[in-house]
Amino acid sequence: MKEADAIKLFIGQIPRNLEEKDLKPIFEQFGKIYELTVIKDKYTGMHKGCAFLTYCARESALKAQTALHEQKTLPGMNRPIQVKPADSEGRGEDRKLFVGMLGKQQEDDDVRKMFEPFGRIDECTVLRAPDGTSKGCAFVKFQSHAEAQAAINSLHGSRTLPGASSSLVVKFADTEKERGLRRMQQVASQLAVFSPMTLNLGAYNAYTQALVQQQTLVAQSAYLSPIATVAAVQMQQMAALNGNGIIATPITPITPITPSSAQSSAGVLDPLQQAYAGMQHYTAAYPAAYGLVSTPFPQQHTLVPQQQQQQQQREGPEGCNIFIYHLPQEFTDSELLQMFLPFGNVISAKVFVDRATNQSKCFGFVSFDNPTSAQTAIQAMNGFQIGMKRLKVQLKRPKDANRPY
DNA sequence: TATGATT
């Protein structure tokens with residue numbers, strides 16, 4: 001049998017002619033092997049030159065890693081052998097806990113005392129605001145996954161601390177990927193400019209239909225963690241995407257992420273993992289927006305007062321004006337403005353309206369006071385999916401664009 | 001429905 005905190009190792013750079021029986025002697029010297037499997041192609045059964053290895057003892061895995069990883073090269077290979085925890089082992093974050101619903105007056109030491117009975121603690125930190133006040137939560141890192149799990153089993157929901165609004169939350173800390181999803185959710189919220197008015201206009205077009213579908217999906221996933229819900233919504237959008245466009249979550253802010261609802265069953269894993277592919281898509285496309293969202297934009301990014309009344313001077317300098325097409329029919333100037341506020345100082349936001357019918361022509365312009373904001377907005381919003389369509393966002397064509405001087 | 005609306 002293997003230990004509860006055993007580590008699954010990934011073994012790379014092994015010759016394709018070596019099978020389990022050949023590899024066993026190499027690794028057995030560090031301890032009893034629980035499982036050793038050469039990785040083969042799902043369809044062809046072809047040896048892929050790597051394997052998974054789990055020792056019965058955690059210690060054996062650590063020894064093997066130290067002794068072998070990049071330390072020797074097997075015959076016929078031109079790179080040294082790889083021996084490291086498999087990706088599934090979660091980069092060591094499997095022993096770190098997030099603790100929520102602490103009292104504001106609890107110090108690191110108080111938290112440490114609470115968790116000490118469950119194992120050796122490597123790290124224990126109460127999260128604090130810049131002014132030093134406790135955020136009512138903490139990270140606690142044990143030396144092993146098993147210890148962390150034991151603490152969850154005994155402490156999660158076990159009591160309500162003085163000054164906390166609900167019972168103690170003890171869960172594994174977010175992985176890197178979950179953090180990414182959380183950040184995206186924040187960005188999506190910033191960009192979720194769809195006021196309730198939009199839905200109440202009564203127009204049942206593709207856009208409102210898509211909104212309803214998404215909200216139904218959110219409702220259906222209520223039993224999952226909020227993260228998984230976001231992931232599910234993103235998956236839905238992912239399905240509609242092919243090409244290099246960017247998509248995001250154009251819905252009213254989803255269920256707030258509360259620590260108490262975030263610890264959930266195994267059901268959460270699957271949609272999350274499925275969403276990872278999409279995340280990479282996102283993280284590649286949104287860095288600029290991440291940066292901006294964390295800046296104190298509500299103060300800075302507002303209309304300059306003189307221009308609020310008199311909207312005559314609509315265009316910004318060259319390179320500061322963007323053209324947006326495929327806006328939802330019911331989008332007004334103010335919604336267009338809100339959508340682009342996160343990217344900089346908006347000088348004007350104008351939806352084009354058919355003069356005869358007063359209907360939006362589904363395109364418009366946004367002007368910033370500097371070209372960088374315009375570029376950032378283009379990067380982040382071009383391809384932003386709304387309903388069945390994706391926004392087209394690009395620099396406004398100069399007036400003389402097709403005039404060959 | 002496609003680039004700041006009759007210069």
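Two strands are taken to pair if DSSP finds at least two bridges between them; helices (H or I, at least four residues) and strands (E, at least two) are themselves DSSP runs, numbered from the N terminus. The structure described here is a predicted model, in which local features need pLDDT of at least 70 and side-chain atom pairs count only at pLDDT 80 or more, whereas totals for chains, interfaces and linings use all residues. Residues are numbered from 1 along each chain as its sequence is written, chains are lettered from A and ligands numbered from 1 in the order in which they are written, and side-chain values use heavy atoms, with hydrogens and water left out.

Under these definitions, strands S6 and S7 of the model form a hairpin with 5 residues between them. In the turn, Gly 132 has a positive phi of about 95°. Strand S6 (residues 121-128) pairs with S7 in the antiparallel sense over 6 bridges, and Ile 121 stands opposite Phe 142 of S7. Strand S5 (residues 96-100) is also paired with S7 in the antiparallel sense, over 4 bridges; here Leu 97 stands opposite Val 140.

Chain A contains 15 helices and 14 strands. Of its 405 residues, 44% are buried. Contacts are defined by heavy atoms within 4.5 Å. Among contacts in chain A between residues at least 6 apart in sequence, 67% join residues at least 24 apart.

Confidence is expressed as pLDDT, the predictor's confidence in each residue, from 0 to 100. The mean pLDDT of chain A is 74, and 65% of its residues reach 70 or more. Among the elements of the chain, S9 has the highest mean pLDDT (97) and helix H10 (residues 269-285) the lowest (30). Over residues 190-310 pLDDT stays under 50, although the model has 196 contacts beyond four places in sequence for this segment. Where pLDDT is low, the predicted coordinates should not be read in detail.

DNA strand B is surrounded by 22 residues, the closest being Arg 355, Ser 367, Gln 394, Lys 396 and Arg 397. The residues of this surface comprise 8 charged, 7 polar and 7 nonpolar, where Ala, Val, Leu, Ile, Met, Phe, Trp, Tyr, Cys and Pro count as nonpolar, Asp, Glu, Lys and Arg as charged, and the others, Gly among them, as polar. At least two residues each are supplied by strands S9 (321-325), S10 (346-353), S11 (360-368) and S14 (392-395); the largest share, 6 residues, comes from S11. Of the atoms of DNA strand B within 4 Å of the protein, 30% belong to sugar or phosphate and the rest to bases.

Polar contacts are pairs of N or O atoms within 3.5 Å; within protein, one must be able to donate a hydrogen and the other to accept it, and residues adjacent in sequence count only if both atoms are side-chain atoms. A side-chain N or O atom of Ser 367 lies 2.7 Å from a base oxygen of DNA strand B. The side chain of Asn 321 places an N or O atom 3.4 Å from a base oxygen of DNA strand B.

In helix H15 (residues 371-381), the buried residues are Ser 373, Ala 374, Thr 376, Ala 377, Ile 378, Ala 380 and Met 381. At the start of H15, a side-chain oxygen of Asn 370 comes within 3.0 Å of the backbone nitrogen of Thr 372, and just after the helix Gly 383 takes a positive phi of about 90°.

Individual positions elsewhere in the chain were also considered. His 47, in strand S3 (residues 47-55), is buried, with a relative accessible area of 7%. Beyond four places in sequence, the contacts of His 47 include Ile 14, Leu 18 and Val 38. Ser 60 belongs to helix H2 (residues 58-68) and counts as buried because its relative accessibility is 7%; Ser 60 touches Phe 30, Gly 31 and Tyr 55, residues up to four places away in sequence not being counted. Ala 146, in helix H4 (residues 145-155), counts as partly exposed at 29% relative accessibility.

Note on methods:
A residue is near a molecule or strand if one of its heavy atoms lies within 4 Å of it. Buried means under 20% relative accessible area, exposed over 50%, partly exposed in between (1.4 Å probe, protein chains only).
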